[in-house]
Amino acid sequence: MLTLTHLSASIGDKEILHDLSFTFEPGKSYALMGPNGSGKSTLASAIMGHPNIVTPPTSQVLMGTEDIKPLTPDERSRLGIFLSFQTPLEIPGVSVFDLLRIALEKKMDPVMMHQQVKMYAKELHIKDELLKRSLNVGFSGGEKKKLEALQAVMLAPKFALFDEIDTGVDVDALKSIATFLKKHLPKTTTLVFITHSTRLLTYVKPDMVLVMKDGTLVKTGGAELAKEIETHGFETL
Ligand code: ADP
Ligand code: MG
């Protein structure tokens with residue numbers, strides 16, 4: 001369970017998130033929607049502990065009952081929080097094998113890890129050659145997002161945030177990413193899909209839809225809310 005209590009957040013002297021409270025339940029999936037610039041990625045960064053983001057002492061971010069605000073991103077990651085980037089970083093000289101070998105050190109035998117990654121890559125239609133190349137360097141938009149999905153499944157987080165995993169991805173790739181995540185992530189994992197379109201939601205079928213506007217939550221509802229957004233846009237909310 002991840003709980004946000006009166007979460008406000010600033011970058012420099014600009015306050016971007018304003019007094020946001022919400023509890024994400026284990027095993028449930030959420031769509032976090034909202035127009036461009038509404039603060040979705042900033043919320044993801046605040047949960048992950050981006051060093052540029054400053055939150056006041058009255059804001060709380062709890063994982064279970066533990067206050068994670070003092071923790072660095074790697075410590076939060078070890079607690080089981082995962083963020084898939086809107087724009088995955090290029091890491092010259094480091095392959096996805098290298099990255100996962102280090103991340104899963106002492107948790108998984110490297111030979112088994114290697115086999116597992118290759119199996120998942122096949123399922124996602126990722127070319128073998130990409131697994132050995134520098135991560136994301138020269139990869140297409142779709143390839144980058146597929147590798148984010150693969151890493152999420154390998155790390156088996158408790159709370160997984162996907163920031164625009166649907167952007168720059170064609171219909172077939174999107175379908176295989178959504179099916180893959182649903183199939184292989186632990187059933188108790190909380191899934192949050194950040195998106196500004198409803199295309200992904202036909203595949204992931206969220207339990208709940210949250211809508212952000214101007215840095216705060218303005219509406220929550222069931223899947224029907226996504227349909228309303230598809231028809232009327234965000235303006236009428
Ligand atoms: P979304 O992901 O919903 O499109 P963002 O969280 O990226 O929105 O941005 C929310 C607001 O915060 C925007 O007005 C954006 O310009 C601002 N913002 C984001 N990152 C920074 C930054 N590093 N410095 C200053 N303002 C930022
Ligand atoms: Mg964003």
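**Notebook: burial, contacts and a magnesium site**

I began with Ser 45, which is buried at a relative accessible area of 17%; buried here stands for under 20% relative accessible area, exposed for over 50%, and partly exposed for what lies in between, with a 1.4 Å probe and protein chains only. I noted that this is a predicted model, in which local features need pLDDT of at least 70 and side-chain atom pairs count only at pLDDT 80 or more, while totals for chains, interfaces and linings use all residues. For bookkeeping, residues are numbered from 1 along each chain as its sequence is written, chains are lettered from A and ligands numbered from 1 in the order in which they are written, and side-chain values use heavy atoms, with hydrogens and water left out.

I placed Ser 45 in helix α1, where helices (H or I, at least four residues) and strands (E, at least two) are DSSP runs numbered from the N terminus. Leaving out neighbours within four places in sequence, I found Ser 45 in contact with His 50 and Ile 53, contact being heavy atoms within 4.5 Å.

**The magnesium ion**

Which protein atoms are the donors of the magnesium ion (ligand 2)? I found OG of Ser 41 and OE1 of Gln 86, at 2.1 to 2.3 Å from the ion. This pair links distant parts of the chain, 45 residues apart, with Ser 41 in helix α1 (residues 40-48) and Gln 86 in the loop between β7 (81-84) and α3 (96-103). Donors are N, O and S atoms within 2.8 Å of the metal (3.2 Å for Na, K and Ca), and since water is not among the atoms, sites may look incomplete. I then checked the cover of the two residues: Ser 41 is partly exposed at a relative accessible area of 27%, and Gln 86 also counts as partly exposed, at 34%.

**The chain as a whole**

I turned to the overall fold and listed nine helices and 11 strands for the chain. The C-alpha trace spans about 50 × 40 × 30 Å along its principal axes. The radius of gyration is 18 Å, which agrees with the value near 18 Å that a compact globule of 237 residues would have; this radius is taken over C-alpha atoms, and the globule rule is 2.2 Å times the number of residues to the power 0.38. Buried residues make up 48% of the 237, and among contacts with a separation of 6 or more, residues 24 or more positions apart account for 69%.

Is Leu 181 buried or exposed? I found Leu 181, in helix α7 (residues 171-184), buried at a relative accessible area of 1%. Apart from residues up to four places away in sequence, Leu 181 touches Ala 149, Ala 152, Val 153, Phe 162 and Phe 193.

Leu 99, in helix α3, is partly exposed at 28%, and beyond four places in sequence it touches Val 94, Leu 135 and Gln 151.

Glu 123 belongs to helix α4 (residues 110-123) and counts as partly exposed at 31%. Its contacts, with neighbours within four places set aside, are Phe 180, Lys 183 and His 184.

Asp 19, in strand β2 (residues 14-24), has a positive phi of about 45° although it is not a glycine, and at 45% relative accessibility it counts as partly exposed. Asp 214, in the loop between β10 (208-213) and β11 (216-221), likewise has a positive phi, near 45°, and is exposed at a relative accessible area of 62%.
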